[in-house]
Amino acid sequence: MAEVNASIKKPNAFVAFFISIGAWFRAFPKRFVNFFKRLGLKIANWFKSLWRIVKEGNWKTRMSFVVMGFGCFAYGQWLRGALYLLLEVGFVLFMVFFGPPYLGKFGTLGTTLQGPLIDQNTGLQIGVTEGDDSLMILLFGVVTILFILIFAVLYFKQLRNAFANQERAEFGMPIDGTKDDVKNMLNKNFHTTILALPTLGIAVFTVIPLIFMILIAFTNYDYEHLTPGNLFTWVGFKNFAELFKFTGTSSMGQTFGKLLGWTLLWAVLSTVTTYIGGMILAILINYKGVRLKKVYRAFFVVTIAVPQFVSLLIISKFLDTQNGLINQLLKSWGWIDQNIKWLGETNLARLMVVVVNMWIGVPYSMLITSGILMNIPEELYESARIDGAGPVKTFFKITLPYMLFVTGPHLITQFVGNINNFNVIFLLTGGGPTSPDLRSPAGKTDLLITWLYDLTVNGEYPNYKLGSVIGILVFIVCAVLSLVVYGRTSSVKNEEDFQ
Amino acid sequence: MMTALLGLSQAAVTAMTIIFSLIIVVQVGVIGWLIIRHREHVAMTELGKPAKKKRYRSMKAKRITVLTIIHIVLTVLAIVWVLPFVYVVLHSFRANDPLSPFPAKIIPTEWTLDAWARLFNGKPEAYSDAKFAWVNFPRWWINTLVIACFSCVISTLFTLMTSYAFSRMRFKLRQPYMKLILILGMFPGFLGMIAVYNILVALNLNEGILKDVALVMVYSGSAGMGYYVSKGFFDTIPKALDESAKLDGASQAQIFTKITLPLSKPIIVYTALTAFMGPWMDFIFVKMICRGDTDYGTVALGLQTMLEREQFMTHWRLFCAGATMVAVPITVLFMFLQKYYVEGVTGGSVKG
C-alpha cells in the first residue's frame, strides 16, 4: 500500500523515470573512477599476498609454484591436489599443441595467404597451400586468452591454498581433507557445484562468441575479406567512423539513422498498442457477468502456443500481393479491383507490421495485465469518489498510474524486446520494401536487428564488421534503458526484504 | 529532422499520427468507459438496496445491453484471432487446383487427405528438383521431439541450479555474476552466431546426427542466463524452512532437492514448458547449423524450406498440414499447463 500511495503523490511515472536516467548518468563518472580505484587496490593486494607467499612459504608451498597442487598433496588434500595437477597438465598440453599458433598471430590476424598448390608433374592445381585463417586465429586466440586468464586465477588460488595449509599446520589447526571437500561441495560450496556446468555453457555459447563478435567490430571482416581465401586484420575504430558518415543519400550513416528512427518508432508503437490492447481485452474478459471466461481466454492464448514462424509465415502468405488470401477475398467480394500491396509500400507495410504485431502480442499482454487490473484496491476508487472525482479523472489519476507503476518494469522489458523484435519483421516483410535511399540490403521496415541479421548471417554480401558495430550500438541502447530500470526496481534493491 | 530521419513524407507522417492517435484515443476511451461501467456496477451492488425501483430496472437493462455488446465484441475478436489457424487446418484437407493456393472460401468444397498422405509417406516429391524436395516430415518431427526433450531436461536443470545458487547461497561473486548475466542478455542473441558455429565445427559437431547434439547444446547451453523468473520464485519461499532443515543437519544439496524443488512445482513446469517449446519455435540456429540438410533438422527448418519462393505453390497445402502437426501438440500441451505459464509470466514480469 505504501508503494501505491507514493505513486499517487507523484502520479507522473514518466517524469520520475527520466529523472532517474539523469541521476544514473550523473553518478556514472564517480562510479567509473571508484571502479578503477578499487581495481587498483585489488591488484596491489594481490601482489602483496604473492610476495608474502614467496617470502614466508616453506619448501612445500614453494614447490606449488612449479607443481600445481603440491601444497595440497603435502597436507593430505588428495582430491584438490589431483584436480590442480590435472589442470596444470591440461594447460601445458594446451599451450604446447594448441594455443601458441593462434596467440602468436593474434596481433596481425595472420599474414600468410593461402595459395594454389600445384602438382609438380602435371602443372595442375590439386589443392591449396596452408595459409592463415584470420577467423580461426581470432576465435581461438580469444579462447586461449580466456583459458590463460582462468588458469592464472586458479594458479594463484592453489598458491594461496598451499600457504593457508602451511599456516594452519604451523598453528596446529585442522586442515580440510578430501572427505571434508566432498562434504563442502554439497553444502558450504554447493553454489560452485551447481554453477559449474551452467557457467561452462554460458562461457562457451555466450561469452566467447560475444567477445569474438565485439572484436570483429574492430576488424575489416566483410565479403571482401572472407576467410579462408582471404585475410582480415585490425582496423581500430574505422568501422564506427564509417557508420557515422552522413555524406551521400544512401550512405551508411543515413541508413543507420533512418533505421534507428524507425526502430524506436516501432518499439514505441508496438509496445503501446499491445499494452493498451491487452488491457482492453483483459477488462473485457474479466468484466463481471461475462460467461465462458476460460474459453475466451483459451482462444487468445492459442496464439502464444503456436510457434511464431508458423503463425507469421501464414499471415505473410495471406498478405501476399499476387496470391494472398486477403486480396483474393476482397476481390471476390468486389471491394477492390487491383491487388493491394500490403507489405510492398512503405507506410502500409509499417502499419501492417504494427497491426500483425498486435495480433501476436495482445494475448501475452492480456495474460499479464488481467491479474493486476483485478487487484487495484477498491479503496482508491471509493476515496476518489468521495472527493468528487469524475470517472475520466479517476481513470487517468488512478487506474492508469497504478497500472504503469506496477507494470513499469514489464513495459521497459517489452520496449527493449520490441527493439529486438526479430521474428515479426523478418517473417512478415523480411525488411522490405527496399528503397533507393537506404543502403542495400536494408529495407523500409528493417529494424536494426533484422538489418544486423542480413549483414551477418543471411546476406549475399556479408558485412560482419558493420553488423558487429550495429550489435554493439543496439546493446548500448538496451543496456542503458534496462540498467536504469532494473536499478530502480525495488525487487533488485530490496532483494533481501522478500526473504 | 525527425521526418527526414525516418524517410517518411510529411503527409504520411501526418496520416500515421492521426491514425495512431485515433487508435489510442479509441482504446483509452473504451477502457475508461468500461471501468466507469464496472465501478458503477460495483457501487450499485455494494449499496445493496436500489434507490428507486424504476432506476434499478433501467440499470439492469443497461447492464444486459453492455454485457451483450461485450460478448459480441469478444466473440468477434476471438474469431479474428483463431481464424487464420482454422483456415490453415481446413486448407490442409482441401482438394483444389494447386495453382491457386488461396481459394477465396474458408470451408473447402471438396475434401481430401492427399496432403496428409504426402506429409507422412516420407518420399521425395516427384515434381521438385531441389535438394529440399525431401519432405521427410515424420523424421523432422521426431528429430524435433528428441531435441526438445533433451534440451528441456538440460535447460531446466541449468536454470533451476543457477536460480537456486543466486537465490539461496551467498558468495563473493554473486552480485557481479548476476549483473554480468543481465548485461550479456542484452546483446542481440545471434550476434555471436558465427562464432558459435565455428566452435561447433571445432568440436566436430557438424556431421550427421552430431548436428542434433549441437542443436541441443545451442538450445540449452546458455540456459543458466534465464534464471530471473525462477530466482524470483525461489525468493518467495520462506527462508525459515531452510533454517529449520539446517538445524536438523540437512546440507544445502538436501535442502535444494528435498525442500525447495518439491515446493516449486509451478516454476519447474514453467521452465520446462518454455524450454520444451524453444526448439519447436527456433528457426534461426537450426538453419545455421544444418545448412539446408533437412534430414537432421527440426520441423522449423523443413517447414521454412517448403515456403521458399519456387516451392511455395506446390508445397503450400503440405505446409498447412505440417504446421497443424506442429501447432496442435504444442497448443494442447500449453493449454494443459497454461496455469503454470501464466503464473511464471506474471510472477516474472510484474514484481515491482
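**View 1. Chain A of this predicted model is assigned two domains.** The domain assignment gives domain 1 as residues 57–119 + 128–236 and domain 2 as residues 252–490. Taken over C-alpha atoms, the centres of the two domains of chain A are separated by 43 Å.

**View 2. Strands E1 and E2 of chain A form a hairpin.** E1(A) covers residues 116–118, and E2(A) covers residues 125–128. The two strands pair in the antiparallel sense, over three bridges. A:Pro116 has A:Val128 in E2(A) as its bridge partner. Six residues lie between the strands. In the turn, A:Gly123 has a positive phi of about 75 degrees.

**View 3. Helices H5 and H9 of chain B pack at an angle of about 45 degrees.** H5(B) spans residues 137–168, and H9(B) spans residues 228–236. Their axes are 8 Å apart. The two helices are therefore oblique to each other. H5(B) passes H9(B) in a right-handed crossing.

**View 4. Residues of H5(B) meet residues of H9(B).** From H5(B) come B:Thr159, B:Leu160, B:Ser163, B:Tyr164, B:Phe166, B:Ser167 and B:Arg168. Facing them in the contact are B:Ser230, B:Lys231, B:Phe234 and B:Asp235 of H9(B). The residues of this contact divide into four nonpolar, four polar and three charged.

Conventions. Residues numbered from 1 in each chain as written. Chains lettered and ligands numbered in written order. Predicted model: local features only at pLDDT ≥ 70, side-chain atom pairs only at ≥ 80, totals over all residues. Axes fitted to C-alpha atoms, helices over the stretch in contact; angles between N-to-C directions. Helix = DSSP H or I, 4+ residues; strand = E, 2+ residues; numbered from the N terminus. Parallel < 35°, antiparallel > 145°, perpendicular 65-115°, else oblique. Left-handed = near helix turned anticlockwise from the far one by under 90°. Contact = placed C-beta atoms within 7 Å. Nonpolar A, V, L, I, M, F, W, Y, C, P; charged D, E, K, R; others polar. Domains from an automatic or database assignment. Pairing = 2+ DSSP bridges.
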